[in-house]
Amino acid sequence: MFSGWNWVAHGLYLLLNICSLEVSGGLVQSCGHIIPESPVLALGSNFTALCILNESCLDFGNIYANQIIWKIKNRVVPKEQYREINRTVSSVTFNDTSSLATPLTCNILADGQIEQNIYGITVTVGLPPEKPKNLSCIVHQVSKLTYPMTCTWNPGRHTFLDTHFRLKYRWPQENFPDCIPKDVNNSCTITDVQFFVNLEIWVEAANALGKAESDPLVLDPIEIVKPLSPHNLSVNSGILPTVLKISWENRISAAVMKLKFNIRYRIISDTNWMQVPPEDTASPRTSFSVQGLRPYTEYVFSIRCMKEDGVGYWSDWSEEKTGVTTEDKPSKGPPIWRIIDASCSPASWTVHLMWKALEPFEANGVILQYEVTVRAKSSLSSPPEKYNVNTTNLTLKLPNGTYEVTVIAHNRVGASSPSVLLIPASNSKAPVKNVRTLPKDGKLWVGWTAPNSYVLKYVIEWCLVSNSSDCIMEWQNEPGNVQGTYLKGDIKPFKCYLITVYPLYADGQGSGQSVKAYLQQDRPSKGPTVQTKKVGKAEAVLTWNHLTVDEQNGFIRSYTIFYKTVDGNETAVTVDPSKTEYTLSSLTSDTLYTVRMMASTDEGGRSGPDFTFTTQKFGKGEIEAIVVPVCLAFLLIVLLGVLFCFNKRDLIKKHIWPVVPDPSKSNIAQWSPQVPAKHNFSSKEQMYPEGSFTDVSVVEIEADDKKSFSEQDLKPFDLLKKEKSTSEGHSSGIGGSSCMSSPRQSVSDSDEGETTQNTSSTVQYSTVVLNGYRDQTPVQVFSRSESTQPLLDSEERSEDRAGGGDSATQRQQYFKQSGDQDETNADRPCFERAKQIIPANEGDLVGFAQLQISDQSSQLLGLGLEKNTQEAALSDILQANTEEQTVRPETVEGSPLSVDEMPKSYLPQTVRQGGYMPQ
Amino acid sequence: MAAADSPSAALRRRDLCSRGIRLAGKMRSDVVDLLDTYVERQGLDASASVAAVEGVPVAAAERWDEQTGTQRLLENLAAYRAFRALLAQMLEEQREQLGEADAALGRALAAVLLQVSAFTYHLEELLRLESRGPPSEEGAGPPPLPHLGLFERKLRGLGVLRELAQWAVRSARDLRQLAKPGPGSGSAPSLAESP
């Protein structure tokens, strides 16, 4: 029972101990403690701590050292690092303090289970201070008597500990209070130092782990002074226009140090400083005269100082002070140039003289006026004309000639030397060669090759070439010994400039040589607009306009034409930039093409809008090549058809217009009953075998004999004549050419040696009208009928059946009845001539017969259809007649036969043997 | 004198002389400035004549050009040691009188005091180079100052500063004389040379 109460009491005691450790901090005695108490450890070193248990606790709780557990924060330290020194002391060892953390606690397992804290310590880990390095000091003068010294050093690595730095300094015989840095660890300022005694300076760094001192610095502070810069500068212009005197006050006593100076100055518009040679200002002073300045120029001055022997530091530059030099006369005459306008009058010029205002460094003051003198070179005796102008140009109207123009600039002090310009009658001297340009450093450089002669100077003219504005000329002068210069003006990029270089000689000037140039090129601002001028089957002629100068942005080096079909690859063609037309070839017919055009400069190209066109389906002449043969073939077919129809006209007539005999014209007396008995032809060929016209019978009838025939007897002959006429008229009506030609041939034939027979009383007639009888029975079957009654059908049919001659009669009758037109045709002069000519052929019946045949044959021959059904002999005569027709066309007109002279009647007869007998 | 024969010793001596001269010049310049400040702050008349103050060494020397270098150094050293004590007392009195209210005057006095101290060091170093060594300060110190009234203290201070300015001039001349090369610069003149 006692034992149980003992354990309870022990537990309460232990708990109170723990509470007392954390709350009261020692009001109640703890069960143990750690040695060392809150140590500061060097990083990386080893460390051993001891936990010592109180003896009193051993008695109460049976707590021994072997129950101790070491912990860093809440992490238990491995037991390998423990060591039980005795029953009340346990140690823990750390080989590297970097593994330590705060707090390090000593704990114990009460009753083997409950962990109780005995004690804890704070461990601080850090590094000892390094030796400060690179100690340096400088004395800044802040006023005339105040010279604080600031020293800086390198404090070294971070120590992780509170490290104190002290700047220590002393004289050999006297120590001074340390300088303790505020808020920093690498510099400190000693408020006042005394010069001319060596001062020993060093830095001491100290923390919980140690102390370190820098190497001492021994110096006289006067050697490290950065003095205040001189002040109260003043600048005064002297008597000379090239001198300014500057004065100042030094802020450091000469007793402290002697000074040397640097003086710098610049033109107020310039940013670059110039400096007075240091050796000129190496001694103490409070003023200096700066020489070699430009007249009438505002300068800015600044000054600085340092110890005369150069030991120490330069002061800052002083405040800037400006001063202006006095005026001087202009150092040179103004550059002069002219523009000669000869368009007003052929005898005089309008000369625009212009000169440039002198630069400030040349004018050396305010230019009050310009004095211009114009002297004619041709008449030296005449006094020169003088003009005083305030502007920089003068326009004069001068007679043509050579003049010497001088311009003098005046300011308050004096006049410049004259600038001379020779205005020659012509630019006849040698020009420069090889004018070229080169963009360089944002400016445009112009170079040229000098002519062989000595050049006084060059004038470079240039202007911006633009569509929107005129070429406003700018110019500049260059001395004669240079062969290149930068254009002095606002040269813009992407703009075209026309630059002209003139050489000026002592006795004239050379003609200008021009070149176009860009300061900077770019792609064209737009591409050319291409369109087609002509589109063919496989080619297209493209045309475009050149880009304007404003659009080019550079030199157009090439045009590139891109063209493609809808689904094809794009093809590019490069075209010379001078062209405005190009023919695309090898295109596919009847295809839509898209074409665009790109203009390229050195910096790239830009394309214009797309343009589409479609190639033609047929090429030039193809349609004609197809249509013309087709038409010709059609015509040929038509002609053949016509010929065929003509040849078969009887057959066609037979089928379309059957011959209906006119009963009223029937005449039995015309019949020739012997003929069928004598000739029994079944066909035309049988009746008129070709080549058998040699047995043509010729009947000569005396005209007077006509009267011996009764009218009744002659009637059949009239009818026959009519039939013949009808036949001939019909023939003529169908084949007009035979109508026109055959009679003439007959006439011509009759004119040749047949005059004896070609009389009005002698009629030669033959029935060689083959056409009219080819498809009908021969005339020989005609029978004359006295009846005036229409034939019965039976009779007509019987007659038809009786012989083909009826059909001929019928045909004739048909023509007679139905063909007023035929009669009209027969009355036409053509036919009348045929009737007139027919008697004239009485002397050459054979020829006439042949002629009748040839009239048809000739047409066949003329169409190329060689229907050579005629005899060779006939061909000869045909040839002869044709020739005569052409040779003597007026024969008929020369001896026309009047109608009255025509035979009044004919004896119908047949040319066939026994086929047609006169009655 | 053996030490003075070595080149380094000569160099050191020349350097000490040179810097001593410049220090004397600066000291004079600062004392002149301090005099103006002192007269102003103490409400004195700049033209007020001050009778010889007891304990303040007099710069004037009757036969200055006959002094040896060592004599010059010793006289200078005695004077500046006295000035150092006087200035320290003035500084203390000034702090007691004005407190920190007139820090500028106090800083100026302290600066002059430092310069006097520095010059004293120069003189001691030069005497060491003369193989003589500086005399002990035991007997060279100024006599204990009598109790004076406030105005008298002000006047005494004025007298100290004026005399210090004079000494600054004399010290510069003395050191220039010492810096001159030539025999006897550091040795005592013979009796024959004495007037």
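This is a predicted model: local features need pLDDT of at least 70, side-chain atom pairs count only at pLDDT 80 or more; totals for chains, interfaces and linings use all residues.

Colleague: Which element of chain B does Arg14(B) lie in?

Modeller: Arg14(B) is in helix α2 of chain B. That helix covers residues 7–42, which is 36 residues. From first C-alpha to last it reaches 49 Å, close to the 52 Å expected at 1.5 Å a residue.

Colleague: And what follows α2(B)?

Modeller: Gly43(B), with a positive phi near 70°.

Colleague: How far is Arg14(B) from Lys180(B), in sequence and in space?

Modeller: They are 166 residues apart in sequence, but C-alpha to C-alpha the distance is 9.0 Å.

Colleague: What's the secondary structure of chain B overall?

Modeller: Five helices and zero strands. Along the sequence the pattern reads α-α-α-α-α. Chain B has 195 residues, and 45% of them count as buried.

Colleague: What about helix α4 of chain B, does its length agree with expectation or disagree?

Modeller: It agrees: the 27 residues of α4(B), 103–129, should span 39 Å at 1.5 Å a residue, and the end C-alpha atoms are 38 Å apart. The helix is mostly covered too, with 20 of its 27 residues buried. Ser131(B) follows α4(B) and has a positive phi, near 60°.

Colleague: Which residues of chain B are linked in a salt-bridge network?

Modeller: Arg72(B), Glu75(B), Arg170(B) and Asp174(B).

Colleague: OK, switching to the interface. How many residues are in contact between chain A and chain B?

Modeller: 20 residues of chain A are in contact with 15 of chain B. The two chains bury about 1,500 Å² between them, and 58% of that is on carbon and sulfur atoms. On the chain A side, Gln173(A), Gln194(A) and Phe196(A) lose the most area to chain B, together 38% of what that side buries.

Colleague: How many salt bridges cross the interface?

Modeller: The rule finds one. Arg19(B) and Asp220(A) meet through their side chains in a salt bridge at 3.1 Å, N to O. As for residue types, the side of chain A that touches chain B has 12 nonpolar, four polar and four charged residues.

Colleague: And how many residue pairs are in polar contact there?

Modeller: Five between chain A and chain B, with both residues at pLDDT 80 or more.

Colleague: What about salt bridges over all chains, how many are found?

Modeller: A search of the whole structure gives 31. One pair is Glu200(A) with Arg170(A), at 3.0 Å, N to O. Glu200(A) lies in strand β16 (residues 199–207) and Arg170(A) in strand β13 (residues 164–171) of chain A, so the pair ties together parts that are 30 residues apart in sequence.

Colleague: Is Glu200(A) buried, exposed or in between, and why?

Modeller: Partly exposed, because its relative accessibility is 23%. Arg170(A) is at 33%, so it counts as partly exposed as well.

Colleague: Which other pairs meet in salt bridges in chain A?

Modeller: Arg266(A) and Glu320(A) are one of them, at 3.6 Å, N to O. That pair links distant parts of the chain, 54 residues apart: Arg266(A) is in strand β22 (residues 259–267), while Glu320(A) is in the loop between β25 (298–307) and β26 (321–324). Arg266(A) counts as buried at 15% relative accessibility, whereas Glu320(A) counts as partly exposed at 42%. Then the side chains of Lys526(A) and Glu551(A) meet at 3.8 Å, N to O, in a salt bridge.

Colleague: Last topic, then. Where is Ser90(A), and is it buried or exposed?

Modeller: Ser90(A) sits in strand β7 (residues 89–94) of chain A. At 2% relative accessibility, Ser90(A) counts as buried.

Colleague: What does the side chain of Ser90(A) make a polar contact with?

Modeller: The side chain of Trp70(A), at 3.3 Å. Ser90(A) also touches residues beyond four places away in sequence, including Ala49(A), Leu50(A), Cys51(A) and Arg83(A).

Technical notes. Residues are numbered from 1 along each chain as its sequence is written. Chains are lettered from A and ligands numbered from 1 in the order in which they are written. Side-chain values use heavy atoms; hydrogens and water are left out. Helices (H or I, at least four residues) and strands (E, at least two) are DSSP runs, numbered from the N terminus. The expected span of a helix is 1.5 Å times one less than its number of residues. Buried means under 20% relative accessible area, exposed over 50%, partly exposed in between (1.4 Å probe, protein chains only). Contact means heavy atoms within 4.5 Å. Buried area is the accessible area (1.4 Å probe) that two parts lose on being put together, summed over both. A salt bridge is a side-chain nitrogen of Lys or Arg within 4 Å of a carboxyl oxygen of Asp or Glu. A polar contact is a pair of N or O atoms within 3.5 Å; within protein, one must be able to donate a hydrogen and the other to accept it, and residues adjacent in sequence count only if both atoms are side-chain atoms. Ala, Val, Leu, Ile, Met, Phe, Trp, Tyr, Cys and Pro count as nonpolar, Asp, Glu, Lys and Arg as charged, and the others, Gly among them, as polar.
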